[in-house]
Amino acid sequence: MKKVSLYILLAVLALFVVACGSNNDGENTEESAGDTTVTITHELGETSVKKNPEKIVVFDFGILDSLNELGVEVSGLPKMVIPPYLSKYEDETYENLGSLKEPDFEKIAEIQPELIIISGRQADLYDQFAEIAPTIYMQLDTANYIESFKGNMKTLGEIFEKEAEVDAQLAEIDESIQALNEKASASEVNALIVLANEGKVSAYGPNSRFGLIHDVFGMQPVDESIEDSTHGQSISFEYIVEKDPDYLYVIDRGAAIGEESSAKQVVENELVKNTKAYKEGNIVYLDPSYWYLSGGGFVSVKEMIKEIDESLQ
């Protein structure tokens, strides 16, 4: 009887161990499932996103720039105007999803994306995107350009488990910015940033869309009181002559959106030829692909730094 009782006890213990093992396995599976998603908090809400999604729709060229650098493929994007350095996405492999301001929601739904990324131009359409798939809003806060840019990049790193690659890219950018800031500050020159569009010019100062030239890169603004506006402060050519900047940085909107470039003819008129910037060869035409279309990407930010640095040679 003692032997039988012992066998029964051992059998019960064995069943208990197996049951515990099964429960533990269940808990691990549940934890693993939890580890496959990440909750992203953004300006328009909170979104649960699958890690390493395979079907991705992107409506921001800066984010597309960075995903490309990280080796992450996308399924579709708006193809109306693609920055030349991202021309690989013109291939029919990638679905054409309309334009930045007029998305093709029917085509987006057909893709059945696992993640949609939008930014400022699509903010009002967030709910329509979110009805189709998990959508995150990754707007660039130009008043806090680098902090906002870094936050966006770290979010990408978390979603695609590319944290090390993101940190390495950001460290390289930090080093370049520090060197440029020291160089610009030591030069003690000032600058005016203008957007040329259809024969007119608008000025941008600190904390503006292109204000990182002042706020981050260290170039002194020729005018501290320029109105902070998305479309810039409308100015006359007499204003440019009056302020007489050491450097005049020009962004050509027409060239950015695929129209004929006319900025040089518009800007370098008889009035502007009287400025120090013109006389000293310091009217600099910035690449509109980086500055107007795809700001806030790994490549675009590096190229922005490079352009301002080279202008100070």
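Visitor: How do strands S8 and S9 pair, and over how many bridges?
Guide: S8 (residues 190-197) and S9 run in the antiparallel sense, with five bridges. Strands here are DSSP E runs of at least two residues, helices are H or I runs of at least four, and both are numbered from the N terminus. Two strands pair if DSSP finds at least two bridges between them. This is a predicted model, where local features need pLDDT of at least 70, side-chain atom pairs count only at pLDDT 80 or more, and totals for chains, interfaces and linings use all residues. Residues are numbered from 1 along each chain as its sequence is written, and side-chain values use heavy atoms, with hydrogens and water left out.

Visitor: Which residue does Val194 stand opposite?
Guide: Ala203, in S9.

Visitor: And what's going on in the hairpin of S8 and S9?
Guide: Two residues sit between the strands, and Glu198 takes a positive phi near 50 degrees. Most residues other than glycine have a negative phi.

Visitor: What other strand does S9 pair with?
Guide: S11 (residues 233-235), in the antiparallel sense over three bridges. There, Val201 stands opposite Ile235.

Visitor: Is S9 mostly covered or uncovered?
Guide: Mostly covered: four of the five residues in S9 (residues 200-204) are buried. Buried means under 20% relative accessible area, exposed over 50%, and partly exposed in between, using a 1.4 Å probe and protein chains only.

Visitor: Switching topic, where is Asn52, and what's its phi?
Guide: Asn52 is in the loop between strand S2 (45-50) and strand S3 (56-58). Its phi is positive, about 55 degrees, although Asn52 is not a glycine. Asn52 counts as partly exposed because its relative accessibility is 32%.

Visitor: What about phi of Gln112?
Guide: That one is positive too, near 55 degrees. Gln112 is found in the loop between H3 and strand S6 (115-118). With a relative accessible area of 57%, Gln112 is exposed.

Visitor: OK, Lys101: buried or exposed?
Guide: Exposed, because Lys101 has 61% relative accessibility. Lys101 lies in the loop between strand S5 (95-96) and helix H3 (105-111).

Visitor: What does Lys101 touch?
Guide: Arg121 and Leu125, leaving out residues up to four places away in sequence. A contact means heavy atoms within 4.5 Å. Also, Lys101 and Phe59 are 42 residues apart in sequence, with their C-alpha atoms 9.2 Å apart in space.

Visitor: Zooming out, how many helices and strands are in the protein?
Guide: 13 helices and 13 strands. Of the 313 residues, 47% count as buried.
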